[in-house]
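Hi,

Here is the model we talked about, with some notes on packing below it. Have a look and tell me what you think.

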Amino acid sequence: MQRSCDICGKREATRAERAVENNMQTEYAYCEACYAFALKSGRLPREMARERLAKRGKECPQCGCTLEKFKQSYMLGCPDCYRNMRDAIAVCVRPTVYMPRPVDDPAPEWMGNYVVSSRVRFARNVEGVPFPGSSRDADRRIADIVKGACAATQGVFEAQLHTMTSLSDLKKKMLIERHVISLGLANSDMGAVILEKTEPSELSVMLNEEDHIREQCTVAGFGLRRAYDRLKSYDTALARQLNIARDAQFGYLTACPSNVGTGMRASVMLFLPALKRTGMIDKAISAMRERYGLTVRGYYGEGSDAAYDMYQLSNSTTFGIDDGNILRLVEQSAVEMVGLEREALVMLLGSKKTEIIDKIFRSYGVLGSAYSISSAELMEKLVDVKLGVILGVLPIKDVASLNELIWACASSLEILNGDVGEEEHNIARARLVRKHIAEEK
Ligand SMILES: [Zn+2]
Ligand SMILES: [Zn+2]
């Protein structure tokens, strides 16, 4: 085997130099380019070689990221960092200890009342291109990634590309609220998003966020498998367009090693009003964390502060577990969490039945007759009404139609936007809600 250059560690060495160091005979080897570069910068080639050899395994010559930098930020500079600092990174990335039960139990039919939406996300990067956070320069290769990600939508979904600089602040805010884009992406001039044009819009792709590509699919109700299958068809098309960074040991390579492996996050948005009201939510959240290593977040806010009694349950480990087991883990724990919710509901009714049912009917009355309603009030009243549907005391078929109502309000008001003020918005919203409630009867 040919010896490689001691300075760049890559090219074949064509020059050799002997030196005696600490009474030891040492031989250095250089490629022509490194040898010339050392002399041009006024250094001795063997000095430079000694420095580089000492750093090897602790820095990435491809992007300049060092082990020290990585330990401070827990972020890497490019896919090759994993190969150039393999041993040091392997120590930090441990395979998960959480595994689901091997069997797929059928989901109880009531799950649809508690699962607002299901989502699957993949983080992907392209070989040889620095991660978005580590390189400030608008790179030609970034444009190629955007092109490839758009080309991959062909035959999978009808898509439209929006750069962050082209979107209005209102539109960005709406996309953030729906968890389609992140605040980080909204604030990045280099960022872009691909949105599914046809309604309901389920697929979306964030470009140049923390990773080059963050693809996700969100479906209504308890449908992780369907979300996964739709996303996988895009992911397969993507791998045909771009050279996606993968490694035999680490799997999919990501900017932050907390996503390495599958690069996958599966999550469900749960409606848990009784756990919240009985004050049992925090205990349930820690149980999910300890038993399954899952992360539970409020829709906005944490734990008992969660808005609209909605909580997002997702896997927090992506390494040492495959896609199928991540889906199973999140599904099984969602069923368990809803089981706890139903126990809490029985307790709650035991102590406050009249109070709760009265509040349900009052809120239902407001939705059916308000002339003007803010989005905050709508969401607040909907919590009671959804609880009423679960208890079977209201003439509404299922919770799914109420979840749709939230998005219907948001998208039709979006069309109104522009010069129309808050007051008109609230009147239009109330009209939509009244119509919806009347149709359900
Ligand atoms: Zn060299
Ligand atoms: Zn690197």
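Setting aside neighbours within four places in sequence, Leu-270 is in contact (C-beta atoms, placed from the backbone, within 7 Å) with Tyr-114, Val-115, Met-310, Tyr-311, Leu-313, Ala-334, Met-337 and Val-338. A core here is a set of buried Ala, Val, Leu, Ile, Met, Phe, Trp, Tyr and Cys residues joined through C-beta atoms within 7 Å, and buried means 20 or more other C-beta atoms within 10 Å of a residue's own.

Bear in mind that this is a predicted model: local features need pLDDT of at least 70, side-chain atom pairs count only at pLDDT 80 or more, and totals for chains, interfaces and linings use all residues. Residues are numbered from 1 along each chain as its sequence is written, while chains are lettered from A and ligands numbered from 1 in the order in which they are written.

Back to that largest core: it has 101 residues, and Val-268, Leu-270, Leu-313 and Val-330 touch the most other members. Its largest share, 13 residues, comes from α13 (helices are DSSP runs of H or I, at least four residues, numbered from the N terminus).

Helix α13 (residues 323–369) also meets α10 (residues 224–241): their axes, lines fitted to C-alpha atoms over the stretch in contact, come within 10 Å and cross at roughly 155°. That makes α10 roughly antiparallel to α13 (angles over 145 degrees). Leu-224, Arg-225 and Tyr-228 of α10 meet Leu-327, Val-330 and Glu-331 of α13.

Cheers

How values were computed: Axes fitted to C-alpha atoms, helices over the stretch in contact; angles between N-to-C directions. Helix = DSSP H or I, 4+ residues; strand = E, 2+ residues; numbered from the N terminus. Parallel < 35°, antiparallel > 145°, perpendicular 65-115°, else oblique. Contact = placed C-beta atoms within 7 Å. Buried ≥ 20, exposed ≤ 12 C-beta atoms within 10 Å, placed from the backbone.
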